[in-house]
Every structure is written in C-alpha cells, then in structure tokens.
Amino acid sequence: MNTEFSSTSTTTLAARLRDETRDLHAAIEQGVDVMRPDLSQERYRNLLQRFYGFYAPLELRLEGVAGINVACPDFASRKKVFLLTRDLIALGLTTDAINSLPRCSELPDLANAAQALGCLYVTEGATLGGAIISRHVAATLRFATDSGSAFFSSYGEQRGAMWKVLTDSLNTLPVAQQTEVVVAARQTFIFFTTWLDQGRRI
Ligand code: HEM
C-alpha cells in the first residue's frame, strides 16, 4: 500500500523522522502482510502474538525511562499491551498462554527521554496504519473494535488528535537532541522488523 504521509514543514523533527524512516516503514509494512484478502484468523493471531512479544517488554522498559512523563505527559494513556491482551483473549488464548508467549530481548536503547520519544514515534505511528488494518480485520474476520481488533483500533476517533500531541512534543525538542531521536526511531523499526521476521520462520 502506498503511504502518503501527512505533511508538515520539512524543518520539524516530525518531518525529519518521517523522511529518515520512510525506507524502514515500507519494509515493516510489507513484512506485516496483514492486508491480504485471504487473511486467516490463525495468521492474524500469530501477528498479534508477535506484536505482544515486542510491545510487552518494550512498554516495561519505557515505563522505567527517567523523565518519560515529562517528555510525553500523556504516556500512561499510550500504553497498549492491555489491548493486545484483550484481543488475544478474544482469539482464544488463556492468560497463562499469553504470559508464556516469547518476548523480544533485543530492544532499542532507552537510556533517556529522547530515545524514548524516538521509540514512541514508531509505536504511536503504528496506530495510523492500524486504522486501515482494523477496518480490514473487521471486514475479513468480523472482529469488533473492542474485542479482537482493539489494538489496531487504538484511540478510535481520537487517533489523529493523539498523533498531533505526540508530534507537537517532538517538534519542541531542542535541536541538539534530534539526531538521538531519529537514531532511536530507526533502531526501533529495525528491531521490530527483525522480530516479526523471526516469527514467520518459527
Ligand atoms: C500493513 C501495515 C501498515 C500499514 C497499511 C500502514 C499504513 C500507514 C499509513 C497509511 C500511514 C499514514 C497515516 C496518515 O498520514 O494519516 C502510516 C504512518 C505511519 N506508520 Fe504505518 N502502516 C503499517 C504498519 C506500520 C507498523 C507495523 C509501524 C511501526 C511499528 C508503522 C509505523 C508508522 C509510522 C511511524 C507512521 C507515521 C509516519 C509519519 O511520520 O507521518 N506502520 N502508516
């Protein structure tokens, strides 16, 4: 699918992130392979399991970053692991089965708030494509947004507003921190893509 990203001034950090991760977005979008017309419940469940295996340890790490709630004041409302859990239960997994899912150990460096924001750029950006994915899941598998496709339906009508709040925060960061944010975003894309690829080979 062609991603025509929303436009912002080329001088902002958000615009820089979009430009400097465009190649990696294309790669992960291709790897996710969820938009196929013959999407099966099994394939969708496997995908959510891999998302869980990346987001669960990542969210824990993000929670521990000093200054995260200053750099991203609404960080608490951006947590998504509970939505993945809800979807996996709707797909038939028990809580024990979810707790036993493989978890990614190769996570991006998250030593400071700038790196955390770069990582959040990626995980929050996934909600934009999520709008398209949740519509496709509803059409092919008949899952409702609150049960079965809660994760990809993150924020519902508030999706655009949540994205704007994040990009506004990014755009107020001091120039000296920008490169660190971009590096963290690229690293997050790469580690997540690798993790998803490994899941397909299991
Ligand atoms: C089939 C899977 C995917 C599709 C169809 C898709 C599609 C899209 C679309 C249409 C946008 C632009 C939305 C807008 O401008 O309003 C977007 C943005 C974005 N997506 Fe995806 N996406 C997918 C997967 C992912 C994944 C797995 C990630 C990361 C884990 C991701 C990260 C991002 C980011 C960071 C942006 C924001 C780009 C910007 O700076 O404007 N996407 N995606």
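How are α1 and α7 oriented to each other: roughly parallel or roughly perpendicular? The axes of the two helices cross at roughly 105 degrees, so α1 and α7 are roughly perpendicular to each other. The model is a predicted one.

**α1 against α7**

- The axes of α1 and α7 come within 7 Å.
- On the α1 side the contact consists of Leu 13, Ala 14 and Leu 17, and these meet Thr 167, Leu 170 and Asn 171 of α7.
- Sorted by class, the contact of α1 with α7 holds four nonpolar and two polar residues, with no charged ones.

**α6 against α7**

- Helix α7 spans residues 159-171 and packs against α6 at an angle of about 160 degrees, with the axes 10 Å apart.
- An angle over 145 degrees counts as roughly antiparallel, and α6 and α7 are therefore roughly antiparallel to each other.
- The crossing in which α6 passes α7 is left-handed.
- From α6, the residues in contact are Leu 117, Leu 120, Tyr 121, Glu 124, Gly 125, Thr 127, Leu 128 and Ala 131; from α7 they are Arg 159, Trp 163, Leu 166 and Leu 170.
- The contact of α6 with α7 comprises eight nonpolar, two polar and two charged residues.
- Leu 170 of α7 takes part in the contact with α6 and also in the contact with α1.

**α2 against α6**

- Helix α2 (residues 41-63) and helix α6 (residues 113-141) have axes that come within 13 Å and cross at roughly 160 degrees.
- That crossing angle makes α2 roughly antiparallel to α6.
- Where α2 passes α6, the crossing is left-handed.
- α2 contributes Gln 41, Tyr 44, Tyr 55, Leu 58 and Leu 62 to the contact, while α6 contributes Ala 116, Cys 119, Leu 120, Thr 123, Ala 126, Val 137 and Leu 141.
- Ten of these residues are nonpolar and two are polar, and none is charged.
- Leu 120 of α6 belongs to the contact with α2 and to the contact with α7.

**The cavity**

- One cavity of 30 Å³ or more turns up in a search of the whole structure.
- The largest cavity has a volume of about 90 Å³.
- Its lining is made of Tyr 55, Leu 58, Glu 59, Leu 62, Phe 75, Arg 78, Lys 79, Lys 80, Leu 120, Thr 123 and Glu 124.
- α2 and α6 are the elements that give two or more residues to this lining, and the largest share, four residues, is from α2.
- By class, the lining of the largest cavity has five nonpolar, one polar and five charged residues.

- α2 gives the most to the lining of the second largest pocket, with five residues.
- Seven nonpolar, four polar and four charged residues make up the lining of this pocket.

Conventions:
Residues numbered from 1 in each chain as written. Predicted model: local features only at pLDDT ≥ 70, side-chain atom pairs only at ≥ 80, totals over all residues. Heavy atoms only, no water. Axes fitted to C-alpha atoms, helices over the stretch in contact; angles between N-to-C directions. Parallel < 35°, antiparallel > 145°, perpendicular 65-115°, else oblique. Left-handed = near helix turned anticlockwise from the far one by under 90°. Contact = heavy atoms within 4.5 Å. Nonpolar A, V, L, I, M, F, W, Y, C, P; charged D, E, K, R; others polar. 1 Å grid on protein atoms, 1.4 Å probe; cavity = no way out; pocket = protein on both sides within 12 Å on 5 of 7 lines; lining within 4 Å. Points joined across faces, edges and corners; volume = space filled by probe spheres on them.
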